[in-house]
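Please look over the sequence and the model shown below before reading on. The paragraphs that follow lead you through the fold step by step.

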Amino acid sequence: MLWRAVRRRCVVCGAPGIFEGWFTLRPRCPRCRFSFEREEGYWVGALIANIAAAEGLFALVFVGGIVATQPDVPWTALSIAGFVLMLTVPVVFYPLSKTLWLWADLAFLHPLDADDLAANDPAR
Ligand SMILES: [Zn+2]
């Protein structure tokens, strides 16, 4: 399931095309009909993961830059790099944060059960 999430595919069946655009996840998987919106406020976890990824990468670059260039730290270059990272990483990582959140939820928090599978049945 993790490999499916990393490739921005349905974590349940591996189908591609679960996004309508870069930012819009379809309500259901086009193949297995799995509902991606599992409950109200479901995507808060993905939002937190996205912010954590952006801030983690920023800290890694900023602190790594300081440590690597001591004693002549290029503060302006580090500030510009940090600014660019904080603008681009949340946008680039956005779809991945959603599929990774789906994976983490299904793998650790709320595994698929019989009710989920019945609700995904296209015959219903
Ligand atoms: Zn699917």
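**A walk through the model**

Arg8 has its place in the loop between helix H1 (2–6) and H2, where helices (H or I, at least four residues) and strands (E, at least two) are DSSP runs numbered from the N terminus. This is a predicted model, in which local features need pLDDT of at least 70 and side-chain atom pairs count only at pLDDT 80 or more, while totals for chains, interfaces and linings use all residues. Residues are numbered from 1 along each chain as its sequence is written.

The phi of Arg8 is near 60 degrees, a positive value in a residue other than glycine. Arg33, which also lies in the loop between H1 and H2, has a positive phi of about 70 degrees although it is not a glycine. Most residues other than glycine have a negative phi, and most peptide bonds are trans. Arg8 counts as partly exposed because it has 17 C-beta neighbours inside 10 Å; a residue is buried if 20 or more other C-beta atoms lie within 10 Å of its own, exposed if 12 or fewer, and partly exposed in between, with C-beta atoms placed from the backbone. Arg33 is partly exposed as well, because 17 C-beta neighbours lie inside 10 Å.

Seen as a whole, the chain has four helices and zero strands, and its C-alpha trace spans about 65 × 25 × 25 Å along the principal axes. Of the 124 residues, 15% count as buried.

In soluble globular proteins, nonpolar side chains tend to be buried together. Not counting residues up to four places away in sequence, Leu100 touches Ala5 and Ala49, a contact meaning that the C-beta atoms of two residues, placed from the backbone, lie within 7 Å.

Finally, Leu112 lies in the loop between helix H3 (75–109) and helix H4 (114–120). Is Leu112 buried or exposed? Leu112 counts as exposed, because it has 12 C-beta neighbours inside 10 Å. Leaving aside its neighbours within four places in sequence, Leu112 is in contact with Val12, Leu106 and Leu117.
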